[in-house]
Amino acid sequence: MERSLAHIALFAALISVLGFLPRIDMVAGVPITFQSFGVMLAGAVLGARKGALAVLVFIGLLALGLPLLSGGANLWSVLYTPRIGYVLGFPVAAYVTGWLTQRLTALPLTFAAGVAAVGGGMIVLYTIGIPVAAYMNDLTLAETAAGAVAFLPGDMIKAIATGLVTGQLARMRPGVVQSRA
Amino acid sequence: MADPSSGIEIAAASVVLGDRPVLTGLSLRLTERRIGILGRNGSGKTTLLRLIAGLIAPQTGTVRVDGFDPFADRRAALAGIGILFQNPDHQILFPTVEEELAFGLAQQGLSQSEALARANAALASEARAHWAKAPVTSLSQGQRHYLCLMAVLLMAPRTILLDEPLAGLDLPTQARLARRFAALPQRLVTITHDPASVGDCDRVIWLDAGRIAADGPPSRVIPLYTAEMARIGATDADADLAG
Amino acid sequence: MLTLTLPVETALHRVSAAAKLAGIAGLGVILGLTADPVLLAAVFAGLWLAYLPLGPVEAARLPRRLWLLWPFVLVIGGWHLVRGTPEAGLVVILRMLTMFGAATLMLLTTRFDALLAAFSSLLRPLERLGLPVNRIALALAMAVRFIPVLTQRASDLAEAWRARSARKARHRLLVPLAIAALDEADHAAEALRARSALV
């Protein structure tokens, strides 16, 4: 119990801190940062449930007005921007990343976590984020999806990083990767 | 039932962390008011402290503190034992001083407002009322140590476990804290590698590789320990890798 | 950065945290109900007026705080200009700036622990549905406690890297930073166990 709570709180803090690492390449109002890497990692390391809870704690902090979203935004300031779908999709992305990591047991952990991050942190997140962004920007889905292609390289790198980092964490702190415990 | 007179009883306790045996068949009965546990890094003394605090359970054997099992009976443990971690940053859980102090009290059953009131009263009685709303990150290392001690004392446990309580502090802070410890009515169990800080204890136990190397009054145990440490220091023992 | 609270007491400091939280949520809804840039500009101007009681220094600082959002303004504004919908762009930008200014005003005039307590009391009715409100509050407080700890850790790691390498650390910090988070979690779990009876 204590350990689960501590992991949830610390990953919420980690996701916040990853948002401070400077990196603002922007595509249509949505910045590319390490923050979504933190979301994927939370799922891959903590598993579906705890990973999603860590992200929800992070969103709770944003709702209290803390400027923790990369670029210094809080939940309220992105409310009516194209970014809101991606932010609210984060917990689902973490959940699916964790769920897939837990199920792809036939694959080595590094590979499983990477594939899971593509599934949760990219496919699922885009599925939520793109329609919302399309609505906010008053564009068609196809137009928005074409714009989101610009995220692909960055997000692929983050998904690969999620796999590599998860694999390394499992080696350096055995037993810590709870999606495989 | 909690029986404060029975002290700390450890019977044939073994702890294995990973696949490394840390404590092996350890039996101890501690009833003195001031107890020191001496040992080198890796001797198992911190594990022993965590075992007594109920943070871990032994793989075999039993641990009783004032008659209760500190691992299984957490409610009893809250009133029975407090532990001061070596690194205050590993102990502090909250962003502000008063939240940190109030937490343990709330866990003991006080309402949040009562707990906050008690925390503020305690700060006021220590002439530190202005600390209440301060972020814990604004405190110095020594002040954070002090905060952790206050958090433990507020919960009024019958036994307090201290893990290297003076390590890394400057001399005035060490002197202040040592004075504070000496005045406490509680049973204190101090673990350290530094024989100087257990010289005033009623009983000193030297732990080596998870077993008791010597046990008795400080006048007997400390010279043995010091001589052995000097002997090891003269050799090149550090080159060996554990396991 | 997480403790913006101004030491100077103003009337806004005395408004309860719960009222301010509800106010922010309410403002969020209201801004969504209108897409009239003139009305939104008026709300934004009103927000600036609300900063005045904090003193001229703080009121003058608002533009600088908002300046933080310039990349978003640039992209959203540029995008809508290119598409020939400057009014729609203005609406998005005004809503974003107003909400950001309002949330900042809340942080400037409310202690975070009070906000957290208000947040848990707003959640309290959901406790009957099985929502573990106390644990949520605990997790939020612990996350806030450990954000500066991990930030410090990240800058220590970057420094340790710089001391021994001419190249930039960047992604090489990710593994040690994640390890730091996991280790801090282990310590926090012990500290939590030492002083709590969570089941």
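Predicted model: local features only at pLDDT ≥ 70, side-chain atom pairs only at ≥ 80, totals over all residues.
If you'd like to look at one pairing, take strand 1, residues 8-17, against strand 2 of chain B: seven bridges join them, and they run antiparallel. To find your place on screen, look for B:Ala13, whose bridge partner in strand 2 of chain B is B:Leu26.

Chain B has another sheet, so let's move over there. This one is also open, with six strands in the order 5-6-7-3-8-9, and here the pairing is mixed. Which strands sit at the edges of this sheet? Those are strand 5, residues 81-84, and strand 9, residues 211-216, of chain B. Neighbouring strands in this sheet are turned by 15° against each other on average, if you ignore direction.

Strand 5 of chain B pairs with strand 6, residues 159-163, in the parallel sense, over four bridges.

Now look at strand 3 of chain B, residues 34-38. Is it largely enclosed or open to the outside? Well, four of its five residues are buried, so strand 3 is largely enclosed by the rest of the structure. And what are its partners? On one hand there's strand 7 of chain B, residues 187-192, running parallel to strand 3 and joined to it by five bridges. In that pairing B:Gly36 stands opposite B:Thr190. Then there's strand 8 of chain B, residues 203-208, which pairs with strand 3 in the parallel sense over four bridges. Over there, B:Leu38 has B:Trp206 as its bridge partner.

Stepping back to chain B as a whole, we count eight helices and nine strands. The radius of gyration of chain B is 19 Å, close to the 18 Å that the globule rule gives for 243 residues, so chain B is as compact as a globular protein of that length. Its C-alpha trace spans about 55 × 40 × 35 Å along the principal axes. Buried residues account for 41% of the 243 residues in chain B.

On to chain A. Here we have seven helices and two strands, and from the N terminus on, the elements go α-β-β-α-α-α-α-α-α. The radius of gyration of chain A is 15 Å, close to the 16 Å from the globule rule for 181 residues, so chain A is as compact as a globular protein of that length. The box filled by the C-alpha atoms of chain A is roughly 45 × 35 × 25 Å along the principal axes. As for burial, 65% of the 181 residues in chain A are buried. And if you take the contacts in chain A between residues at least 6 apart in sequence, 71% of them join residues at least 24 apart.

Next up, chain C. The domain assignment gives domain 1 as 11-126 and domain 2 as 132-195. The centres of these two domains of chain C, taken over C-alpha atoms, are 30 Å apart. Where the domains touch, six residues of domain 1 of chain C are in contact with six residues of domain 2 of chain C. By class, the domain 1 side has four nonpolar, one polar and one charged residues.

Last bit: how do the chains meet? Two pairs of chains touch, and the most contacts are between chains A and C. There, 51 residues of chain C are in contact with 44 residues of chain A. Several helices of chain C each supply at least two residues to that side, including helix 2 (17-33), helix 6 (86-109) and helix 8 (133-164). What kinds of residues are on that side of chain C? They divide into 43 nonpolar, four polar and four charged. As for chains A and B, no contact joins them, and their closest C-alpha atoms lie 9 Å apart.

Technical notes. Residues numbered from 1 in each chain as written. Chains lettered and ligands numbered in written order. Contact = placed C-beta atoms within 7 Å. Nonpolar A, V, L, I, M, F, W, Y, C, P; charged D, E, K, R; others polar. Buried ≥ 20, exposed ≤ 12 C-beta atoms within 10 Å, placed from the backbone. Pairing = 2+ DSSP bridges. Domains from an automatic or database assignment. Axes fitted to C-alpha atoms, helices over the stretch in contact; angles between N-to-C directions. Rg over C-alpha atoms; globule rule 2.2 N^0.38 Å.
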